[in-house]
Amino acid sequence: MTPDVVADVLAQLAASTEPEGLMPARQQMALSLGWHIVIACFGVAFPAMIFVMHLRGIRRDDPVALGLAQRWAKASAVLFAIGAVSGTVLSFEMGVLWPGLMGKYGDVLGLPFAFEGLAFFLEAIFLGIYLYGWGRMPPKRHVLMVLPMAAMGIFGAYCVLAVNAWMNVPTGFRLVDGEVTDVQPWQVLFNQHALLQFAHMWLAAYMVTGFAVAGVYAVGMLRGRRDEHHRIGFLVPFVFASVAAVCQPFMGHVLGLGLDERQPSKLAAFELALEEESPAPLRLGGVLVDGEVRGAIDIPAIGSLIAMNSFDDPVPGLDAIPEEDRPPVNIAHWAFQTMVGIGTLLMVAVLWFWYQRRRGRDLLEKRWFLRGAAVAGPLAAVAMEAGWIATEVGRQPWIVYGVMRTEDAAGSYSGLWWLLGATVVVYTAMTWGAVVVLRSMARRWRAGAVDLPSPYAPEVVAGTSGDER
């Protein structure tokens with residue numbers, strides 16, 4: 001970047017009428033949400049996988065499955081602790097970064113956030129009981145402790161998704177002379193789009209967690225550890241991820257129906273549609289430059305099929321949207337296409353795997369497949385992040401669609417840049433800590449450790465720990 005360009009950017013910032021806190025608030029929220037959502041996926045989906053593995057161990061008297069369930073629970077506890085920190089940071093950020101939003105609509109959003117906090121504490125309690133219960137509770141009662149832990153993880157995620165769904169389709173209040181009245185928080189919690197948006201995210205959580213856990217054992221098999229521990233450690237989470245990957249495109253399609261009425265500007269940005277087209281093509285790639293679409297590949301009529309569930313219904317164009325109400329088109333378009341492209345790739349991959357398995361071919365013996373499985377987890381995380389970028393950027397310039405602009409929700413405190421810097425340091429440290437702890441646990445397990453030692457606890461007496469079923 002040349003000095004002239006830097007000077008132009010600084011001049012534009014100086015001449016901007018936006019609140020000083022808007023840009024750092026955008027950056028910090030993107031960082032915090034983008035980081036936390038990956039960890040949150042494990043809180044939503046991991047308990048179900050632990051439950052299935054533990055149940056398999058009990059019913060088949062399988063010590064390998066029981067050992068995996070115990071190890072996964074310990075890894076889940078590490079991720080839960082880190083997610084608790086990032087989630088707490090987010091709860092404070094809502095008020096600090098967006099005082100206009102929480103000051104005006106705090107009463108509207110209070111109930112979902114309160115239930116989310118309650119679900120978090122209950123999830124932590126049952127996670128603790130489950131971890132402590134190994135060898136101390138009857139097996140059938142012990143495994144049931146996973147169910148409330150899983151239910152609270154799901155309910156907490158639903159509450160957060162209900163708030164986001166409300167930001168896209170606001171309901172449950174009236175504005176009278178600019179004042180919020182007639183607040184109906186239950187209507188917010190159970191708004192009509194919350195369930196669909198939650199289902200979309202729920203499946204994404206299973207994809208991210210399932211592919212990530214399976215990928216760990218795929219790497220182990222690539223390194224020559226082709227035992228039962230690695231085979232079922234791969235297959236159980238891969239089954240969860242496979243079901244989610246196949247269901248996700250259909251769920252996304254259902255969620256997107258009606259977007260032409262709810263948020264036509266977002267749909268036009270997704271489709272890179274400059275004007276209304278009937279039927280609309282599926283526009284692959286391309287960028288909007290000086291009011292023209294360049295470099296796109298059009299597939300006739302498929303755009304109408306995907307967006308409108310019809311081969312000839314028109315897709316709205318950006319020309320019907322006032323320029324000041326349009327989102328950043330290229331970011332929304334590419335984020336949407338990245339999500340759809342990766343999701344389609346993962347769906348085809350898992351269908352191919354199970355088709356070959358049905359024909360008697362075991363792809364777990366193929367190194368090329370294991371390499372692909374190892375990168376499926378990061379790919380699923382990228383798809384999920386892209387989906388959130390498409391949702392959030394596509395809603396701009398509104399923080400509450402059609403009701404409050406994002407710039408009206410931000411504060412005027414420029415010192416938020418320092419807070420963003422501190423957050424970067426904290427999140428970098430948490431990432432480093434998580435990697436170090438999880439790698440250390442994996443190394444000790446490979447060395448044969450059953451109970452991981454604590455630096456200050458008394459030594460474990462042989463025969464008093466472990467699974468005493």
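Residues are numbered from 1 along each chain as its sequence is written, and side-chain values use heavy atoms, with hydrogens and water left out. As the model is predicted, local features need pLDDT of at least 70 and side-chain atom pairs count only at pLDDT 80 or more, whereas totals for chains, interfaces and linings use all residues.

View 1. With 0% relative accessibility, Ser32 counts as buried (under 20% relative accessible area, 1.4 Å probe, protein chains only). Its side chain makes a polar contact with the side chain of Glu93, at 2.8 Å (a pair of N or O atoms within 3.5 Å, one able to donate a hydrogen and the other to accept it). Beyond its neighbours within four places in sequence, Ser32 is in contact (heavy atoms within 4.5 Å) with Leu90, Glu93, Thr423 and Tyr427.

**View 2. The largest nonpolar core.** This core (buried Ala, Val, Leu, Ile, Met, Phe, Trp, Tyr and Cys residues joined through side-chain atoms within 4.5 Å) has 85 residues, and those with the most contacts inside it are Trp72, Phe211, Phe234 and Phe369. Helix H8 (a DSSP run of H or I, at least four residues) gives the most to this core, with 17 residues.

**View 3. Phe234 and its contacts.** Not counting residues up to four places away in sequence, Phe234 touches Ala214, Tyr217, Ala218, Met221, Leu364, Phe369 and Ala373.

How values were computed
Buried < 20%, exposed > 50% of the residue type's maximum accessible area, 1.4 Å probe, protein only. Helix = DSSP H or I, 4+ residues; strand = E, 2+ residues; numbered from the N terminus.
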